[in-house]
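Hi,

Here is the structure I promised to pass on.

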Amino acid sequence: MGTGNRVHRRTAIGIKSLERQRASKQPYRKVLVVCEGEKTEPRYFTELSDRYRLNSARIEIYGCGSDPYRVFELAKQRYKDEKAKGDGFDKVFCVFDEDNHTSYQNALQEIQVAKPKDTFEAIHSVPCFEYWLLLHFVYTTKPYASLSGNSACQQVETDLKKYMPLYSKGNEGIFEQLAEKIDIASDRAKKSLLAAKNAGTHNPTTRVHSLVEYLKHLKDGAS
C-alpha cells in the first residue's frame, strides 16, 4: 500500500471518529413538563430526571397549581417564548387530573389539536395522579366516584396509604421510593387503559407511564 493510500485511510478513520464524537455530544430533545400540582408531580418528575441524569437545561418542569386548561395555556405560552429565542421545545407535556375540574375535557380537546402537531401531549389521570402511584403496589380497575365528604381523589389516597402510610401530597422522595417498581406500574397502567377501553369507561386510568418512559429513554434517542 502506498504512502498516499495510508494517509487517506488514516484521514478517513479520523473523520469517522470525529463524526462519532460529535454525534455523541449532540443534545437530546428539549422537553417541557407543566404540571397541575404545585409540588407532588413536579417533585416526582424532577427526581426522575435526576435519577436518569437528564440535563436541567434540556428538561424544564413546572408546577402551576391550577386547572387543566390553565396548564395548557401556560405550556403554550412557554413554548412560544422559547421558540422566539430560537431554542424551542421539541416536546411539551401537560400533566393534570380529571378530579372535579370543569375544564378537563376542554383541555384535552385543545391539546389534541394544538400545533405544531405531535408536540403537545396530555398526561392525564382519572381521577388523579395518585392512581399512578397506587399501581406500583397493586393492579386495580375499581372506579372512584366522589361521595359526600369524600372525593374520588381522597379515596385513591386512602387506598395508596395502605402501602405508603406516610404519603402526603408534596412529599419529597416519592419517585425514589417507587423507582424499582416503575416497570410494573407502567405495565399495569397500560393494562388498565385497555380494560377501561373495553369497558367503555375511563375511570380509573392514567397516562403518566407515557411520560415516565419518554424521559427514561430520552438520552438513548428512543423518544
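Below is what turned up, starting with the ground rules.

This is a predicted model, so local features need pLDDT of at least 70 and side-chain atom pairs count only at pLDDT 80 or more, while totals for chains, interfaces and linings use all residues. Residues are numbered from 1 along each chain as its sequence is written, and side-chain values use heavy atoms, with hydrogens and water left out.

Pockets first. A pocket here is an open set of points on a 1 Å grid over the protein atoms alone, where a 1.4 Å probe fits, with protein on both sides within 12 Å along at least five of seven lines; lining residues have an atom within 4 Å of a point. Volume is the space filled by probe spheres set on the points, which are joined across faces, edges and corners.

The largest pocket comes out at about 210 Å³. Its lining has 14 residues, and Glu-36, Gly-37, Glu-41, Asp-97 and Lys-169 lie nearest the centre. By class that lining is seven charged, five polar and two nonpolar (charged: Asp, Glu, Lys and Arg; nonpolar: Ala, Val, Leu, Ile, Met, Phe, Trp, Tyr, Cys and Pro; polar: the others, Gly among them).

The second largest pocket has about 170 Å³. Its lining splits into six nonpolar, four charged and two polar residues. Helix α4 (104–113) and strand β4 (120–126) each supply at least two of the lining residues; helices are DSSP runs of H or I with at least four residues, strands runs of E with at least two, numbered from the N terminus.

Now the salt bridges, of which there are 16 (a side-chain nitrogen of Lys or Arg within 4 Å of a carboxyl oxygen of Asp or Glu). Asp-87 pairs with Lys-30, with the closest N and O atoms 3.1 Å apart. That pair links distant parts of the chain, 57 residues apart. Lys-30 is buried at 2% relative accessible area, whereas Asp-87 is partly exposed at 36% (buried is under 20%, exposed over 50%, partly exposed in between, with a 1.4 Å probe and protein chains only).

Glu-82 and Arg-78 form another, at 3.0 Å between the closest N and O atoms; they sit four residues apart in helix α3, so about one helical turn separates them. Both ends are buried, Glu-82 at 6% and Arg-78 at 19%.

Lys-169, from the largest pocket's lining, bridges to Glu-157 at 3.9 Å. Lys-169 is partly exposed at 46%.

Cheers
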